[in-house]
Amino acid sequence: MDDLCYYVVREYREERHTVNESIQQLFERTSVRAFTGEPISEADERVILEAACQAPTAGNQQLYSIIVVRDQAEKEALSQSCDHQPFIAKAPLVLVFCADVRRWYQAFLAEDGVEPRQPGVGDALLATIDATIAAQNAVVAAQSLGLGSCYIGDILENCEEQRDILGLPSYVMPACMLVIGHPTEQQIRRRKPTRFELGTVVFEDRYRVQEADEIRSALAHKQAGLRETLSQFCARKWNSGFSREMTRSVRAWLEGFPFEG
């Protein structure tokens with residue numbers, strides 16, 4: 001953990017006079033992109049999936065489906081379609097969390113006298129939130145079992161290709177992907193990047209507009225050489241080809257959800 005995380009956890013311990021393991025794991029968890037060859041046991045996989053399904057969900061609908069990708073050729077395909085990241089194909093457990101509005105819509109259509117409206121963009125966003133919350137439950141469960149994980153947002157890219165790889169029908173789209181496995185020693189020792197201080201992201205009652213100088217000051221606490229960092233990060237992430245493709249792809253996903261459902 002970074003110094004701020006150590007300070008917060010230490011302060012919390014002193015106040016409560018006990019070690020809260022859940023809080024400490026949340027502070028310690030960082031992305032893992034390199035795994036040992038050790039497989040994940042069936043029992044651990046089952047508890048991760050069961051934990052995911054215990055996540056908070058809108059109206060107890062569970063507006064998501066979880067695809068466990070076992071086929072190695074499919075893992076390879078996803079590693080290429082998700083911005084050419086080879087470690088995806090090497091992960092023991094690959095989970096794709098899909099926003100799934102189809103399940104309930106099909107149930108409504110199958111019932112006489114029930115006339116559902118067509119699913120719209122609001123349903124797509126709500127299902128995406130549902131799926132992402134479930135994924136975070138899986139991350140926390142994996143961490144508690146000594147397993148590392150990494151979110152793959154690139155699953156939003158290449159809509160047409162992902163739809164084909166995963167066999168996705170209408171009203172189902174990928175929200176996020178997780179790779180999970182036993183971390184290597186190097187990954188265990190990896191230092192967690194610093195987060196913004198609370199005052200930068202937590203506001204009371206209303207959103208507080210921050211001027212450019214304040215934002216730059218907040219970023220300077222995270223990173224030395226701010227000008228060069230911003231320039232490089234903007235080129236590498238914000239203006240990158242994969243970022244532009246993600247925007248195009250998400251627009252394509254949402255075309256299947258009309259704005260007037």
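**Exercise 1. What volume does the second largest pocket have, and which residues closest to its centre line it?**

*Solution.* The model is predicted; local features need pLDDT of at least 70, side-chain atom pairs count only at pLDDT 80 or more, and totals for chains, interfaces and linings use all residues. Residues are numbered from 1 along each chain as its sequence is written, and side-chain values use heavy atoms, with hydrogens and water left out.

Step 1. The volume of the second largest pocket is about 330 Å³.

Step 2. Its lining comprises 13 residues, of which Tyr151, Gly153, Asp154, Lys237 and Phe242 are the closest to the centre.

Step 3. Strand E3 (148-152) and helix H13 (241-254) are the elements that give two or more residues to this lining.

**Exercise 2. Determine how helices H4 and H8 are oriented.**

*Solution.* Step 1. The axes of H4 (residues 72-81) and H8 (residues 159-166) come within 11 Å and cross at roughly 170° (axes are lines fitted to C-alpha atoms over the stretch in contact, with angles from 0 to 180 degrees between N-to-C directions).

Step 2. H4 is therefore roughly antiparallel to H8 (angles over 145 degrees).

Step 3. In the contact (heavy atoms within 4.5 Å), H4 supplies Glu74, Ala77, Leu78 and Ser81, and H8 supplies Glu161, Gln162, Ile165 and Leu166.

**Exercise 3. Locate the partners of the salt bridge between Glu45 and Arg70.**

*Solution.* Step 1. The closest N and O atoms of Glu45 and Arg70 are 2.5 Å apart (a salt bridge has a side-chain nitrogen of Lys or Arg within 4 Å of a carboxyl oxygen of Asp or Glu).

Step 2. Glu45 lies in helix H3 (residues 42-52), and Arg70 in the loop between strand E1 (64-69) and H4, 25 residues apart.

Key:
Helix = DSSP H or I, 4+ residues; strand = E, 2+ residues; numbered from the N terminus. Parallel < 35°, antiparallel > 145°, perpendicular 65-115°, else oblique. 1 Å grid on protein atoms, 1.4 Å probe; cavity = no way out; pocket = protein on both sides within 12 Å on 5 of 7 lines; lining within 4 Å. Points joined across faces, edges and corners; volume = space filled by probe spheres on them.
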